[in-house]
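Good morning. Please have a look at the model first.

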Amino acid sequence: MPAVSKGDGMRGLAVFISDIRNCKSKEAEVKRINKELANIRSKFKGDKALDGYSKKKYVCKLLFIFLLGHDIDFGHMEAVNLLSSNKYTEKQIGYLFISVLVNSTSELIRLINNGVKNDLTSRNPTFMCLALHCIANVGSREMGEAFAADIPRILVAGDSMDSVKQSAALCLLRLYKASPDLVPMGEWTARVVHLLNDQHMGVVTAAVSLITCLCKKNPDDFKTCVSLAVSRLSRIVSSASTDLQDYTYYFVPAPWLSVKLLRLLQCYAPPEDAAVKGRLVECLETVLNKAQEPPKSKKVQHSNAKNAVLFETISLIIHYDSEPNLLVRACNQLGQFLQHRETNLRYLALESMCTLASSEFSHEAVKTHIDTVINALKTERDVSVRQRAADLLYAMCDRSNAKQIVSEMLRYLETADYAIREEIVLKVAILAEKYAVDYSWYVDTILNLIRIAGDYVSEEVWYRVLQIVTNRDDVQGYAAKTVFEALQAPACHENMVKVGGYILGEFGNLIAGDPRSSPPVQFSLLHSKFHLCSVATRALLLSTYIKFINLFPETKATIQAVLRAGSQLRNADVELQQRAVEYLTLSSIASTDVLATVLEEMPPFPERESSILAKLKRKKGPGAAGTLDDGRREPGPGGDVNGGMEPAPSSGSTPSPSADLLGLRAAPAPTATPAPTGAGSLLVDVFSDSPTGGPPSLGPTPEEAFLSELEPPAPESPMALSADQAPAADTAAEDPGVPIPEADELLNKFVCKNNGVLFENALLQIGVKSEFRQNLGRMYLFYGNKTSVQFQNFCPTVSHPGDLQTQLVVQTKRVPGQVDGGAQVQQVLNIECLRDFLTPPLLTVRFRYGGAAQALTLKLPVTINKFFQPTEMAAQDFFQRWKQLSLPQQEAQKIFQANHPMDSEVTKAKLLGFGSALLDNVDPNPENYVGAGIVQTKALQVGCLLRLEPNAQAQMYRLTLRTSKESVSRHLCELLAEQF
């Protein structure tokens, strides 16, 4: 920027400002301003033409008056005239006035645009920068339409000065944010990305900001920026503080640019190129290593800059979730900050570790800091830090530490801030239910919750405990005994009375044999709370009383006397009055058999999603997906980092309706099959990701129940009436379109797993939860709106390319046509495999966003191996069957290079996830893997044997599959080979 000479000082402006500051009152200030406005107006209207200096001085005065809070209704034209001046100071004041005072709808915009255009074409870098700053500050659509095509040309022009490029990038970013449709980036994309290689660090910084914004809408167009960003980041991280002197901030080289580059890389998946990925991993390791070095300065600016780069590095590591070593190191680094004296660092460390806890690689490392986090929950002074500590305890909880964490959160609840008590209650209720191996512990925990924080225990919590006690025969007696003892407390919360009334009314007979809890004692204990309760609770207690008449006939006279009392029969509340009259009449005229039929024990509740988790997510808001997600991220199939569950040797795993991918889900359609009691566990069906391998008390749902749930509902059933089912034939009415380029890559990720994120961009996230057994399957698709704008005409459809219609049946449930910003909708698909197939169905999602039509087509993750049932075989049987399948067309073999590290545990997990049973002690070479299974279709069953031979020295595999059908052999071989 040109230096302002001494002669350019405006003495009149200085005098006016001095006069304003010396005013003793508001009236004096207004009087002085009005006098000056009159003088300026007379000068502008006078016959004598003003020179540039005078115009500049008077326009400056008007600007100062406006900044004092007074309206300015003249002088705009004079400011526009200053744009045509050749003097920098006059032009600068003109642009400043326009940027501050001119409205985007002003009539002068056309004149301003002419002045701006002249400066943009002047090739004077100073004038060009002023014009670009003005465009960015005004940012109107009309200005965007006038200059959106010119600014990219200036940005990539070879003769543009560095300062001009920097201003052009930021100006283009401002226009893009205001009106994305006006910025035509197609032809300029490659050249804009190339700016990341510019020698001027300011240009690179501005370009990174622009590219980060652009790639969120069009990630594929800017995918080449990843390698350039890694290269630039590598140069910064490996440089010494003296190498980038102009951009080194307190011994930290280019911290702001480093943070921007790391954020840009978070817009993409890990680099596929091994060299680029290796260089990036090296950069991340270098940042983590530097964090361990002694500080080069004791000033807070140094630590702030250094930590900014470190935390953004950790965010990138968490985003990739593919480097176990880096994830563990990041966790250890964050662990050091948990006891830092700086509150902000402790907060950020807790927040980042919440996300790390959801990764299988780092979950165990996070758990090692449990004592520190519990201590933070007890001793932190800042409530926001305590809340993050509670979030982290919730995220790191699994079967091994559930009792400890729940106990600590209950202890904290007694002194917790009122603002977060309800959230703590919901978290304790969820953890107690999810990890309950002993149901007596679960009942104790919920009753403790009600005792400690009864006012914050919502209906969802105590409804849930009633459902579980009703569905579990083995806990009903204990629940009745425990709630009876809890009701004996002098001060008993009303929610405890509700729970006690229901449980004793249903299962009070289980403790009636003890004289201390005989029927009269139970009734008198409940009735002693009656007059202190609300109308809703008293209504529930009246129902309990009539249940007592059926359970304990000896209490009939006492209860009838209560019902006959005037306070009940003439109660002002119509609900209580009606209940008292009807229950009294029922107990008087009905025979014992009729009474027993009408008042029989409640049947088990149907299995459904726990509404507690949904309530917690609503309370936390749309951004809480990461910390509230029940499921851990799965780098390999069958992984369950919560402990207590072994990977099931099955191609399917029971989905967890409460394990929400986005944290915003709606409840699934209720099943028509009632929950089995005894062996069937409600908790496992709701929360487990694995159908087998749990403790005996948490047995899996029987296979017959699963298969019956997948049968299409009968027309007269309630499910059929409410499901709004769309037949598969209707889904192919529209042209599905061509699948996106990465559709095959996305499909391959789900060959060996059933749960995860299928697709994600800046607008939409699609998550998948699926389960398969025999030739049937069920898939939950979660569509999440990542924007703040509602999706209109939202329509996901499934189509069957080629002959797939005769090979696979997919029945879909319709979804709402609108998806609110930050919300999620769920679609359920019932799948039946009729015959073996080669191509998956296509999922096409169409909707309107901001008035623009959006459409994308993906390959639905349904492959033939999903219907692969594992089969255990002895070595002799295996080789006998292997020899029987010796025809050339029955065998498919592939020798290929390993694309991933040859880890035996990962290989086993992938083979199990593929659906095969792994057979031990069959192959003479213990390094080889042998598997067997049956592909289940409605028409036929196809037996399959496989053998995988790794060669660690050559980093190669040989895969051999033999089945009774040639097409199945080839297809399974191709699918499985892509996984290694």
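Accessible areas here come from the Shrake-Rupley method with a 1.4 Å probe, and for residues only the protein chains shown count as cover. On that basis the accessible surface of the protein comes to about 43200 Å², and carbon and sulfur atoms hold 52% of that surface.

Two notes on the source. This is a predicted model, where local features need pLDDT of at least 70 and side-chain atom pairs count only at pLDDT 80 or more, while totals for chains, interfaces and linings use all residues. Residues are numbered from 1 along each chain as its sequence is written, and side-chain values use heavy atoms, with hydrogens and water left out.

Now the overall picture. The protein has 42 helices and 17 strands; these are DSSP runs numbered from the N terminus, with helices being H or I of at least four residues and strands E of at least two. Buried means under 20% relative accessible area, exposed over 50%, and partly exposed in between, with a 1.4 Å probe and protein chains only. Of the 980 residues, 54% count as buried. A contact means heavy atoms within 4.5 Å. Among contacts with a separation of 6 or more, 71% are between residues 24 or more positions apart.

Next, two helices. The expected span of a helix is 1.5 Å times one less than its number of residues. Helix H17, residues 324-337, has 14 residues and reaches 20 Å between its end C-alpha atoms, close to the 20 Å expected. Its buried residues include Leu 326, Leu 327, Cys 331 and Phe 337. Helices H15, H16, H18 and H19 are among what covers them.

Helix H28, residues 519-530, has twelve residues that should span 16 Å, and its end C-alpha atoms are 17 Å apart, which agrees. Among its buried residues are Phe 523, His 527 and Lys 529. The cover over the buried residues of H28 includes helices H26, H27, H29, H30 and H31.

Finally, two single residues. Is Ser 54 buried or exposed? Ser 54, in helix H3, is buried because its relative accessible area is 15%. Its side chain makes a polar contact with the side chain of Asp 51 at 2.6 Å. A polar contact is a pair of N or O atoms within 3.5 Å; within protein, one must be able to donate a hydrogen and the other to accept it, and residues adjacent in sequence count only if both atoms are side-chain atoms.

Gln 301, in helix H16, is partly exposed, with a relative accessible area of 28%. Leaving out residues up to four places away in sequence, Gln 301 touches Tyr 249 and Tyr 250.
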